[in-house]
Amino acid sequence: MSAQFSKVLIANRGEIALRIVRACRDLGLQSVAVYTSAESNADFVRFADDAWLLPGTGAATTYLDMRALIDIAHRSGAQAIHPGYGYLAESPEFARAVTEAGLTWIGPAPDALEALGDKAGARAVAEAVGAPITPGSGRAVKDIEDALAIADSIGYPVAVKAVHGGGGRGFRTAANREDLPTALESASREAVAAFGRGECLLEKQIVRPRHIETQCLADSHGNVVVVSTRDCSLQRRHQKVVEEAPAPFLSDEQNQVLVEASKKILSHVGYVGAATCEFLLGQDGTITFMEANARIQVEHTITEEVTGVDLVAWQLKIARGEQLPSSLPAPRGHAFQFRINAENPANRFIPATGRIVELHEPAGPGIRMDSGVKEGTVVGTDFDPMLAKLIVTGEDREQALARARRALDEYVLQGVATLLPLHRELVRTPAFTTDFSVYTLWLEQEFMPSFSAPQELTAETSPEDTTTDVVVEVDGHRLTVKVPASLTTGGQQTKVKPPRRRKTTRIAANSGDLTAPMQGTIVAVDVQPGDTVNEGDRLAVIEAMKMEQPLTATRTATVSEVCVEAGSAVKSGAPLVKFQ
C-alpha cells in the first residue's frame, strides 16, 4: 500500500531524528520534530522544518506516548510518521493507530510487525520457511516455572530474550537453574522500561558465536533485496559497540545462506520497508537465525557507505509506492561504525551524565559523523546513552582501520565519560584488527578484564587534580609541556585537551557504604538490615538511560541500614546500603 505525503513527523530524537530530517530535505519533504524541554536547542529540533514540544520528561510520557504523537501529527499538518528505531518503531499497535488516524506509517504493515516485530513471531516465520533456528521455547514463557521446565528440556546455558526487545535491552543469559529466575526478572523489567512490554522467550545459548546480519529492503511490488551484510560481534551486555560492513571472512556458501534465508523470511510475511535479519555464526561455521528487526538499524550507516544506497530515503520512497530497481550497487570497500555512548568503560560501562564542555569531531577522507550533540549539550538519564556515531570507510578493511585510528585520535569530547578510550584501544588490538578471533562475549570476557585505558576528563573530575597541556617554543621548536591546571590562566582552565586519566569508582567503598554510581532509579533492593553479604553478591539494581546496572558487594560485610527502596530516584553518590 502506498500514499502521497509531503510532511513527515519524526517520532524519535537525537542523531536518528536528525538523520531522518536530512533525508526528508533531500527528497523535498518537510519534517516535523518532537522534543522535550531539555532538547529544545538540539540540532534535530533546529534543523527540522517544524518542531513541537512533548510535555513529559522520561520515555513513557514522551516518545512512547502514542496518543500525544498522533495528536501532534494532526496539529502540525503532517501526513506521515517515521518512527526511527527503538521506542515505538516495532509496535504494531502504534502502526495500526497511525493508519487508523488517516496517516501514513513509514514502515512495515501492522500484520508484518506482528509476525516479525517480536522474537517469537520471527522464530515461527523462520521455522515455516526452513531457515536455520536454535532450540528454544518458540513463544513467551508463562512464568518462572514454565521457564525452568523449558530450560531443563533444551539444556543450559540459555538466553532469555524479551519478545518485544531490541538493541540488547531485555536480553540476559543463565548458565544454570539458579541464575534463571534473576535473568528472567531482569530482562522483563528492562524491556518494560524500554518498550512497554516484558514478555520473554528462551533459546539455547550458542557458545562463542559471531553476530552477523543482513540489511534488506522490500517494496510493495514484491521485490526483496539484500543490500549487504554486517558483523556486529563487538558487544557488551548484548548491545553493539562496533559494527562493520560487509561482514568479513565469510565464505560464498555462508553468504548465500544468509541472503536466501533473509529473502524467504521477509517474502513470507509480505514485508514492505527496511529490515534487518540477524544470525549467529557458530565456531563450526553453522548459521542460525536469531531475529528480525522490522525497522531501520542504528548501524545502517555502514551499509550506506559501502553501497552508496540511502536507506532512510528508500524508506520514504517505498512508503510512497516507489519500486526498487532490479539491482542495487554491490558493496565496495569496507566501513566501521563506532558508537559514541555516554558510558564509562573503565567502570563497568556505567552510564555517564554531565555537560559537554568541549567537542571536536574528526573529519577528512572516509569520515562521517552522525551526531546528536554539540558543545553545551547536557546529557541526562532520561534517554538512551548514545550521543553520536563515527563512521569510517576505506578501500579495504586495512585502510578503514588506519583511518579509524586517525579519526579516533582526533576526536575530543570532554565533560562526559564516553566509549572513546575503549574504541582507541580496540582499533589497535590484534584480536580484532588482524586475527579476528572476536565473538559476542569476547569484549566482556577477554578484553575488558585487562582494559586499562584512562577515561576522558568528566564533570566529576576535579580540575585541580589534573594537568593541562601548554604549548611553548624553544629556539623555534614547538613543544607541549604539562603543568598543574590550577597554574594556568590565573587558576582558570584553558580550553585544551587534558591528558586521559583513569578515575575508578568503587561500588562499596571501605567506608562501608554502597553509594549510587550514577543518577537513576532503584528498581530492586536485594538485602535488608542484618544480612551478611559476600564479595560479588548483588545488593541492588539501578536503572538509568533505559539500562539496568546491578550493584554488588566488594567485600564480606553485614548490612546495618538500607537507605532506599524500589522506585527511589537517587543522585550520584547517594548512600544506598550501609554496613556495620
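**View 1. Pro-246 sits in the loop between β11 (239-245) and α9 (252-268).** The bond joining Ala-245 to Pro-246 is a cis peptide, with omega at about -10°. Helices (H or I, at least four residues) and strands (E, at least two) are DSSP runs, numbered from the N terminus. This is a predicted model: local features need pLDDT of at least 70, side-chain atom pairs count only at pLDDT 80 or more, and totals for chains, interfaces and linings use all residues. Residues are numbered from 1 along each chain as its sequence is written, and side-chain values use heavy atoms, leaving out hydrogens and water.

**View 2. Tyr-156 and Pro-157 are linked by a cis peptide bond.** Omega is near 0° here. Pro-157 belongs to the loop between α7 (144-154) and β6 (158-166).

**View 3. Phe-349 has a positive phi of about 60°, though it's not a glycine.** Look for Phe-349 in the loop between β15 (343-344) and β16 (350-351). With 6% relative accessibility, Phe-349 counts as buried (under 20% relative accessible area, 1.4 Å probe, protein chains only).

**View 4. Helix α6 (residues 119-129) crosses α9 at roughly 110°, their axes coming within 9 Å.** Axes are lines fitted to C-alpha atoms, for helices over the stretch in contact, and angles run from 0 to 180 degrees between N-to-C directions. The two helices, α6 and α9, are therefore roughly perpendicular (65 to 115 degrees). On the α6 side, Val-125, Ala-126, Ala-128 and Val-129 make the contact, meeting Lys-264, Ile-265 and His-268 of α9 (heavy atoms within 4.5 Å).

Methods:
Buried < 20%, exposed > 50% of the residue type's maximum accessible area, 1.4 Å probe, protein only. Parallel < 35°, antiparallel > 145°, perpendicular 65-115°, else oblique.
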